[in-house]
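Hi,

Here is the structure I promised to pass on. Have a look, and then read on for my notes.

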Amino acid sequence: MLVRTRGSKVVRAGSDAGLRTAIVSLHADSPALHEQLTQQPGSFDATLRGLANLNAAGIRTYTFTVVCSLNCDRLGDIAAWGRAHASGTLFFPYIPRRANDPLSISDAQSFQQAMHFIIDTSYVFRSALVYATTVQTRLCRAFTQTVTILADGTVTPCPFVSLPLGNVREAPLYDLLSRAADNAMLEAFLLTPVECDACNIRVLCGGGCKATRITALGDPHGKDLHCQNGPFTGPVAWRQLPECLPYLY
């Protein structure tokens, strides 16, 4: 059993119920920056207490950091903080919530450095890249391999985007997915943009994160907002992928 938590409320009974792994949100290695991002005074100390309780209960812990413009230069320090507190570390790029989102990493070099760090330190992301490049499939598995069912029963192709395909409380999941072929927004969500046709990583990338475009701009058409140098028409080596991919899944 795995649970994702802010670490402030941990029930020891969870361990007895089979809880073996917990993911705890940590967005900086300092109280000031962490609480600037969470907008919750005292959340850094609460995270510390939560990690201590989890470790004391013998539950394996990972910290989860959303990488944004305010903490992208501190990833190594955050990872070191996690190791010092007997935790593994997980990182995921921030998905912009609007156009010109101040938390989005707008500097291309900083974004590429962050992507390198995330991939280099994550077995999960490296494995996903190996699989996607080996079988020649899109890195993002939204709808093609996975869907998200929200607490209210709403089905969406991706947890980061509002694109409702129906509700499992009103119809079987199979019927909802069968009818999704008629959803014009979903079709646009899945299509690779025309401007990416000449790109040598178009199959792997698929035009990038459509959730970013829909959430920030309300429009799924066009390439990822973080793709500032594509299309890439020359050969792309494995070690160059973090410098070319505009997203991770």
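Is Phe92 buried or exposed? At 15% relative accessibility, Phe92 counts as buried (buried means under 20% relative accessible area, exposed over 50%, partly exposed in between, with a 1.4 Å probe and protein chains only).

Before going further: this is a predicted model, where local features need pLDDT of at least 70 and side-chain atom pairs count only at pLDDT 80 or more, while totals for chains, interfaces and linings use all residues. Residues are numbered from 1 along each chain as its sequence is written, and side-chain values use heavy atoms, leaving out hydrogens and water.

Searching the whole structure turns up four aromatic pairs (rings of Phe, Tyr and Trp, the last by its six-membered ring, with centres within 6.5 Å; planes under 30 degrees apart are stacked, over 60 edge-to-face, the rest tilted). One of them is Phe92 with Phe160, stacked at 5.5 Å centre to centre and 20° between the planes. Phe92 sits in strand β4 (residues 88-93) and Phe160 in the loop between β6 (155-156) and α7 (173-179), so this pair ties together parts 68 residues apart in sequence. (Helices are DSSP runs of H or I, at least four residues, and strands runs of E, at least two, numbered from the N terminus.) Phe160 is partly exposed, at 34% relative accessibility. Phe92, Phe125 and Phe160 make up one aromatic cluster.

Then there's Thr148, in strand β5 (residues 148-149). Thr148 is buried, with 16% relative accessibility.

Cheers
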